[in-house]
Amino acid sequence: MSAPGAVRVFAEYDRDLVDEADVVVVGSGPCGAVVAKELAEAGRDVVLLEEGPPFTPEDFVLDGALSMARTMREAGLRATRGHVMPTMQAIALGGGSLVNSAICVRPPAFVFEQWATRFELSHTSRAELDPHFDAVEGFLGIAPTPDEVQGRRNLLFREGCAKLGIESEPIARNVRGCRGSGECFTGCRARAKQSMDLSYVPAGIRAGARVYTSVRAEQVLAAGRRATGVRGRVVAPFSGRPGPAFEIRAKAVVLSAGCMATPLLLLASGLANGSGQVGRNLQFHPGVAVMGVFPERVDPQFGATQGMQSLQFLPEGFKLETLWAPPAVLAVRLPGAGLALKERLAEIPHASIVDAIASCHRSLGTVRPRRRGSLEPVLHWRLHPDDLPVLGRALGVIVDVLFAAGARKVLPGVHGIPDELGPGDTALLRSRRFRPTDFVMAANHAFCTTRMHGDPRHGVVDEWGRCHGLDNLYVADTGVFPRCTSVNPMLTGMALAHRTAQALAERV
Amino acid sequence: MRSLGYVADVQVGAALSGMVAVLLVALGWRVLGGYPRPATPLARLSRREATFVAAAAEALFPRGGAVPPSGLDAGVPAWADRWLDALPAATRFLVRCLFALVEHATLLFPARGWDGWRRFSALDPERRGAVLEGWRTSRWFLRRLVFTSLRAIVTQGYFADAAVLRALGLAPFAIEAPVTAADALYPPIGRPRSAIRFSADAVTVHGPLDRPPAGAPLVPGSPLHPAYRESPP
């Protein structure tokens, strides 16, 4: 057992471990970290479990692929079946917040209105959630990206939008002291990104929470309608080699393992699946990106990783964002091979990249265990034919914005379309009937696999995250979303987690 | 007549067996034989895989052109070895299957010329490029997916080379960070807490609001990260 306010790391486990707490939280990503900190500050005895290790600046690797191998499950090479699309899940203290681009957006009111109507949620309006958004934003100091660190790449997007009369805005991020290094995806060396390991977890520790890293929860223990704790094993960082066993007994259990892991934990434990909805309804925000090449040097490595966005097209089903990533990852999208590919690599310093994330709320999938009882997920997902035109339309708008900003050519990266398009070629994009396999898509926003629903027959949790049919088992991650948010989901997940923590504090 | 037929059957059977044996030997040679030993010992790549990765790196990133280093200059096979070593076993197996598939798929999708069915790494660089272009532009999604996956691996290895990043002006910069509360809580991975470098007294940033929204922005000409300088310290 650890003292209050302590962190245990892999090197410190030499025997089986048993501990007790008021609340045990599984997963230290944005949602779990919020729950742990809020409950600890409310005076509850909290244990926070995390399968990954804490990363210090000297643990960050600038090589994009090796960084992903260290910070992501399946080395960052996870993909859906059905329609093949890469998707990632972090394994680190702080979860995805360590390696995301820190985007914090409140969904528009219409998203919550649709949730309320279709999923019988009478307390989940934007107005009811605004105090929770305020609390998270206030703690993290979330603010729009200042012009000083936008860099030319982001500002070109603003210029292109302005010329076309499209609304754009600086992205609000959980970042303080950003220097525009563009390294959000490999870990912020400037310690400017307020990922959970730097913000909520230390605050929770100050309030007395105990943090066990490198421990994998394998089963939720229960007796009748009550969860009684969590059992699992210590695992070595990176290799996953199993070590001693552990068991944490608690008055309440909160699962925040992410929407690809929480459902498997519930299925492995035989809990909370009276509706049959655990692991179903998997949704993503598939993303497509286009690179524009400009006559002048853009130096795209300078500036916030994702500094500008346009929310104008949300009602149509997509959102535009600027984008930067490790050069090796961006180069993967460039067409060609040999000397022609090298010509294109040499154009990266003249490039600006814009992506669109699409709602695709008709496109559904599942998370299932690789084999019975396994915690390794198999993801099936198919792009619904009615969601295809949204991606095509988004591509068309991106290309328009890039040309309006002065691009001399764009590289759309779509099969069946020429590798490069000039300003006069955009009709090709608009006239084409796309197939799902034409796009090079990726999706790192995933949700809905333990969805909330007012009716226990159709959902896994209620509006406060409590599992239907159980007194003290909660879910706090993006799995509880009943449908996609249409915008980057981290802030919404944290606001809902904040509400769950408040509700739980009154019960424990 | 029956004995003559029996003899004929035996002869046909022997001939068929011989042909199968020859085919198996040829196939075995194709899959296993004639691969050179790597110049430096590798942890995960077999000599066959190392040869294949080198051939793919040379085809995708030949010497010269807009970015001088070739895939071989950039040390892509050695990088691929390090990367494979960092992968989980199941993922590593899939990557190995990918290498073997492209290496031997010339049996199904041969290169130009009478010997176009030779394994990928045995083709000359120009025909290797043509084979990869066939995968890239295929109307079959799975072939395009295979190409994209292979090129992603090789490209990431190419960009891991400091000289390539310097040539493109994309090398990372040196960044000094303040001491945050987290820096006094966590040791480097694999080390005990006694390895934590900072005490609580050294912390200068205690929470998110301790810093202004923007720091001094990095600009072209800022000092490079030590590992990416032309002459690393």
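Which residue is the bridge partner of Val235(A) in E11(A)? View 2 has the reply. These legends go with a predicted model, where local features need pLDDT of at least 70, side-chain atom pairs count only at pLDDT 80 or more, and totals for chains, interfaces and linings use all residues. Residues are numbered from 1 along each chain as its sequence is written, while chains are lettered from A and ligands numbered from 1 in the order in which they are written.

**View 1. Strand E9 of chain A meets E10(A).** Strand E9 (residues 215-223) of chain A and E10(A) run antiparallel, joined by eight bridges. Strands here are DSSP runs of E, at least two residues long, and helices are runs of H or I of at least four, both numbered from the N terminus; a pair of strands needs at least two DSSP bridges between them. Facing each other across this pair are Ala222(A) and Ala227(A), the latter in E10(A). The hairpin leaves two residues between the strands, and Gly224(A) has a positive phi near 65 degrees there.

**View 2. On to strand E11 of chain A.** Six bridges pair E10(A) with strand E11 (residues 242-255) of chain A, again in the antiparallel sense.

**View 3. How enclosed is strand E10 of chain A?** Strand E10 (residues 226-235) of chain A has seven of its ten residues buried, so the rest of the structure largely encloses it. Buried means 20 or more other C-beta atoms within 10 Å of the residue's own, exposed means 12 or fewer, and partly exposed lies in between, with C-beta atoms placed from the backbone.

**View 4. The helices of chain B.** Chain B has seven helices and zero strands. Its mean pLDDT (the predictor's confidence in each residue, from 0 to 100) is 89, and 96% of its residues reach 70 or more.

**View 5. Two domains in chain B.** An automatic or database domain assignment sets the bounds, giving domain 1 (40-160) and domain 2 (176-217) of chain B. Their centres, taken over C-alpha atoms, are 42 Å apart.
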